[in-house]
Amino acid sequence: RSLVDDDWSGMVAGVFATPELPSLAISEIMYHPSEELIPFGYGEEDFEFVEILNHGDQPVLLEGMALSEGVDFIFPSHTLAPGDAVVVAAQPAALLVHNQTLAGKVLGPYEGRLANGGEMIGLSDVAGRLLDQVQFDDEEAWPESADGQGSSLERIRFDLADASAWRASHVVGGSPGKVIVDQTISATIQWMAANIVRIRFE
């Protein structure tokens, strides 16, 4: 607002984005739920979801950010703490049927539905800058059990977005709202003698 001759101007609203891109990523996708797990009164597509993880060290205000391409969703006012995840569901009430502990972590519904044969999903900030983009598929190197057999796609690497960065969830129905950590451990192997090996985990 500005002051001119004792009169204040009207309020001015604007959208502001920090120069640094927030550390947000698409971390789980349930694109083809198993028909066998759908309760009476719901459809297969009602149990689809996309999970967003804050893998940085600062809280992020999601308001005005968007999912696009595969589905469309504008985030309401919601702050995501470092290391936390939020789930954007096709039908939040349906997802809570199997995941009651997710209350407060589920947003939605989004518009559209995820393609069972795979497609692109984009995540952008309030200024329209692309934060993450995933082209998932149901063929080639992508996990087969995520294609209608009960598993979701869980991301285990955030430096990549191709099939090597994803795995099928070990839990039927996926792990919405739970942070998955890559369990890969580096090790060095040293031959001490013909039949003796030393393994050191780092």
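This is a predicted model: local features need pLDDT of at least 70, side-chain atom pairs count only at pLDDT 80 or more; totals for chains, interfaces and linings use all residues.

Reply: Residues are numbered from 1 along each chain as its sequence is written, and side-chain values use heavy atoms, with hydrogens and water left out.

Rolling a probe the size of a water molecule over the atoms shows where empty space is left. Here the search uses a 1 Å grid over the protein atoms alone, and a cavity is a set of points where a 1.4 Å probe fits but cannot get out. Grid points are joined across faces, edges and corners, and a volume is the space filled by probe spheres set on the points.

Across the whole structure, one cavity of 30 Å³ or more is found. The largest cavity holds about 40 Å³ of space. Lining residues are those with an atom within 4 Å of a point. For the largest cavity they are Ser27, Glu51, Leu53, Arg155, Phe158, Lys178, Val179 and Ile180. By class, this lining has four nonpolar, one polar and three charged residues. Ala, Val, Leu, Ile, Met, Phe, Trp, Tyr, Cys and Pro count as nonpolar, Asp, Glu, Lys and Arg as charged, and the others, Gly among them, as polar.

Arg155, one of the lining residues, belongs to strand E13 (residues 153–155). Strands (E, at least two residues) are DSSP runs, numbered from the N terminus, and two strands pair if DSSP finds at least two bridges between them. E13 and E14 run antiparallel and are joined by three bridges.

Open space is treated separately. A pocket is an open set with protein on both sides within 12 Å along at least five of seven lines. The second largest pocket has about 210 Å³ of space. It is lined by 15 residues, and Leu37, Phe47, His98, Val172 and Gly173 are the closest to its centre. Its lining has nine nonpolar and six polar residues, and no charged ones, whereas the lining of the largest cavity includes three charged residues.

Key:
Helices (H or I, at least four residues) and strands (E, at least two) are DSSP runs, numbered from the N terminus.
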